[in-house]
Amino acid sequence: MPVWGFCVVLQADPIRVLVTGAAGQIAYSLLYSIAKGDVFGKDQPIILVLLDIPPMLPVLDGVVMELQDCALPLLREVIPTDKVEVGFKDLDAAILVGSMPRKEGMERKDLLKANVAIFKTQGAALEKYAKKTVRVLVVGNPANTNCLIASKSAPSIPKENFSCLTRLDHNRARSQVAMRCGVPADAVKNVIIWGNHSSTQYPDVHHAMVNVHGKEVKAYDAVKDDSWLKGDFISTVQLRGAAVIKARKLSSAMSAAKAICDHMRDWWFGTLDGEFMSMGVYAGGNSYGIPEDLIYSFPVHIKNKSWNIHDGLTVNDFSRAKMDATAAELVEERDTALSFLSQ
């Protein structure tokens, strides 16, 4: 008599992932990667929550249709909405892409004021509706200060659960060094972006390593051009976003989406041994002399969904000056933003 065996495959419960600005061009490049398992795992079902402003809802309906038409096995549900009580409910991850873009003739303080209002509202929604374990990535600019405002507006969610995107800058720096050395991008590790996601950021390769013909060498020794590393390399990374806008007449989308995926995947699954990545995180308790009440980009390593700033790196006078300059800009942004927050 034949004996039948049954194999029961238990699949994880779906996680709820919010993307704001979901009808925009970054989201359009991002959503497919999330939905097919490139970020949270090939066996992790997803409920995608797509939030945007009311005028964008017809566009969002088209995005939903496309996601459905991809026939992705991990995508269990897509929820388009313009309501925060729907968008932020029971979230496991929130990717806050939407923000007020800078318009022609707009003063920086006006931009900050508009975004303080947006991220105060979204922080309060996280506080009220999301899981306290939610991981929040702020992409919308000015990302560091928007992230700080969101965190301050969600006091019961740990500050460590908030981060902003500097992985795009990190990837840009890694790629520039790789191209200069004639190696693949993954042959370069431990570049650092310090500070603000702005033109004051400091791309630092003093601790970076390059795998050249199977041997790891310091980036300065691999590149063999100190003046480029201290000059054009830094300015190229700092101003890359503006260069893309000038060429495409649109801001970075494909590369931004890739960086978001990299950031969230590392946050979920951890960094490799011996490697650190750049991430805008709360500066409290840092060992690099950076003012504490800031979201500042540091080198971090990640384990069990928790990041730690990589301590003990030597900082020379050249680096110190650039790290302090970008911190000063963040302090000024923070103080301006907090004055609006209290109004």
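Start by selecting Ser99, Pro101, Gly140, Asn141 and Ser251: of the 50 residues lining the largest pocket, these lie nearest its centre. A pocket here is an open set of points on a 1 Å grid over the protein atoms alone, where a 1.4 Å probe fits and protein lies on both sides within 12 Å along at least five of seven lines; lining residues have an atom within 4 Å of a point.

Before you click on, this is a predicted model, where local features need pLDDT of at least 70 and side-chain atom pairs count only at pLDDT 80 or more, while totals for chains, interfaces and linings use all residues. Residues are numbered from 1 along each chain as its sequence is written, and side-chain values use heavy atoms, with hydrogens and water left out.

Next, colour helices H1 (25-35), H4 (108-129), H6 (167-181), H10 (240-248) and H12 (317-341), the elements giving two or more residues each to that lining. (Helices are DSSP runs of H or I, at least four residues, numbered from the N terminus.) H4 has the largest share, with five residues.

Now colour by domain, with bounds from an automatic or database domain assignment. Domain 1 (15-164) and domain 2 (166-334) each bring at least three residues to the lining of the largest pocket.
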